[in-house]
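Reader: I am new to protein models, and I would like to learn how to read one step by step. Could you take me through the features in turn, with the general idea before the particular case?

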Amino acid sequence: MKEVFTKLQDLQNVLSNKYQLESELLEIPRSLKMKEESLSRQKKKFIDLNGDYELNQHGIAQLRNDFGHIEQLRLEAEQRMDQIKTQREYEALDKEISEYSSRELDMRRKIQNQESKGQELSEQLKSEEDAFSMLEAEIVDERLRIESLLEKKRNEISDLENEEVNIAPDMDKEMLYKFDRILRSKGGKGIVPISQGICSGCFMILPRQFMNDVRSSDDVHFCPYCSRILFYDEAAASGERVGTGVLDYDSSYRDDVEGLTDLVDDSDFEDFE
Ligand SMILES: [Zn+2]
């Protein structure tokens with residue numbers, strides 16, 4: 001095979017590995033990002049919950065304060081009982097005292113309610129806080145792990161870039177640029193052999209004259225359909241049947257159609273099982 005094609009194939013291996021590593025570089029921090037997002041959601045949840053808890057505690061303090069006030073009023077009323085002179089005064093004071101008592105009872109219930117809510121909130125807060133610090137610790141570990149992994153991948157990339165420079169110093173820059181773009185867009189396959197008159201990258205039949213050009217010229221040719229670089233593979237060509245490219249195309253086309261028919265028959269059959 002011509003030297004330029006061997007070099008391009010070596011380069012293709014190097015570049016494919018490089019692109020793989022580059023996409024990994026982008027992919028690797030994604031898990032960390034997800035954890036960080038989850039941490040910030042957790043943080044918000046914690047802050048909201050803490051706000052609820054503070055409101056609750058404030059409410060309890062307020063209720064206790066009011067309760068103390070009513071209790072004081074009741075005690076004072078009870079003391080006034082000693083100075084009662086008439087039945088009417090007694091009834092009025094007794095009514096006042098029992099009103100205070102009933103308000104106290106009501107407030108005591110409210111306080112108990114609020115206190116048990118407060119207890120729940122405080123337990124939730126504790127468990128949120130635990131989850132929060134666990135996630136925070138995980139993120140610290142993850143960051144370290146990712147940093148060292150990224151470092152390793154970056155080193156591998158820089159090794160590949162050195163290899164790239166070694167392979168391609170005397171190659172045409174414009175052609176290399178084009179090759180690089182094809183590799184990126186065609187999933188790492190930028191140079192393919194012509195097999196039985198067909199581009200083995202896009203499987204289109206190539207014009208005969210074009211094939212002859214590829215075969216006889218030292219220039220680099222790009223597939224007119226998929227832009228991949230084509231080379232004439234003598235080994236593959238020796239197994240090629242005598243005949244035109246069109247006939248060869250027809251036979252492989254028929255194989256495809258038969259394959260497809262088999263597939264359809266099988267699936268139809270499965271439906272009846
Ligand atoms: Zn092609």
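Author: The dialogue below goes from the overall layout to the sheet, then to the helices, and ends with some single residues. Please keep in mind from the start that this is a predicted model.

Reader: How many helices and strands does the protein chain have, and what pattern do they follow along the sequence?

Author: The protein chain holds 7 helices and 4 strands, and reading along the sequence gives the pattern α-α-α-α-β-β-α-β-β-α-α. Of its 273 residues, 29% count as buried, and carbon and sulfur atoms make up 51% of an accessible surface of about 18,500 Å². Among contacts with a separation of 6 or more, 71% are between residues 24 or more positions apart.

Reader: In what order do the strands lie in the sheet?

Author: In general, strands of a sheet pair through backbone hydrogen bonds, and the pairing may be parallel or antiparallel. Here the 4 strands form an open sheet in the order β2-β1-β4-β3, with mixed pairing. Strands β2 (198-199) and β3 (221-222) stand at the edges with a single partner strand each, so one side of each has no neighbour in the sheet.

Reader: Which strands run parallel to β4, and which run antiparallel?

Author: Strand β1 runs parallel to β4, and 4 bridges join the two; in this pairing, Pro-193 stands opposite Phe-231 of β4. Strand β3, by contrast, runs antiparallel to β4 (residues 229-232) and is joined to it by 2 bridges, with Ile-229 of β4 as the bridge partner of Phe-222. The hairpin of β3 and β4 has 6 residues between the strands, and Ser-227 takes a positive phi near 70 degrees there.

Reader: What covers the two faces of β4, and which residues are buried there?

Author: The general idea is that side chains in a regular strand alternate between the two faces of the sheet. In β4, Ile-229 and Phe-231 are buried on one side, while Leu-230 and Tyr-232 are buried on the other, and both faces are covered.

Reader: How should I describe the way α1 and α2 lie against each other?

Author: Two packed helices are described by the angle between their axes and by the distance between those axes. The axes of α1 and α2 (residues 29-80) come within 5 Å and cross at roughly 10 degrees. Angles under 35 degrees count as roughly parallel, and α1 and α2 are therefore roughly parallel to each other. Their contact is made by Leu-25, Leu-26 and Glu-27 of α1 together with Pro-29, Arg-30 and Ser-31 of α2; by class, it has 3 nonpolar, 1 polar and 2 charged residues.

Reader: Where are Gln-196 and Phe-203 found, and what is the phi of Gln-196 and of Phe-203?

Author: Gln-196 is in the loop between β1 and β2, and although it is not a glycine, it has a positive phi of about 50 degrees. Phe-203 lies in the loop between β2 and α5 (208-216); it is not a glycine either, yet has a positive phi of about 60 degrees.

Reader: Are Gln-196 and Phe-203 buried or exposed?

Author: Exposed means over 50% relative accessible area, so Phe-203, at 58%, counts as exposed, whereas Gln-196, at 25%, counts as partly exposed. Glu-99, placed in helix α3 (residues 87-167), also counts as partly exposed, at 45% relative accessibility.

Definitions and conventions:
Residues are numbered from 1 along each chain as its sequence is written. This is a predicted model: local features need pLDDT of at least 70, side-chain atom pairs count only at pLDDT 80 or more; totals for chains, interfaces and linings use all residues. Side-chain values use heavy atoms; hydrogens and water are left out. Buried means under 20% relative accessible area, exposed over 50%, partly exposed in between (1.4 Å probe, protein chains only). Contact means heavy atoms within 4.5 Å. Accessible areas come from the Shrake-Rupley method with a 1.4 Å probe; for residues, only the protein chains shown count as cover. Two strands pair if DSSP finds at least two bridges between them. Axes are lines fitted to C-alpha atoms, for helices over the stretch in contact, and angles run from 0 to 180 degrees between N-to-C directions. Angles under 35 degrees count as roughly parallel, over 145 as roughly antiparallel, 65 to 115 as roughly perpendicular and the rest as oblique. Ala, Val, Leu, Ile, Met, Phe, Trp, Tyr, Cys and Pro count as nonpolar, Asp, Glu, Lys and Arg as charged, and the others, Gly among them, as polar.
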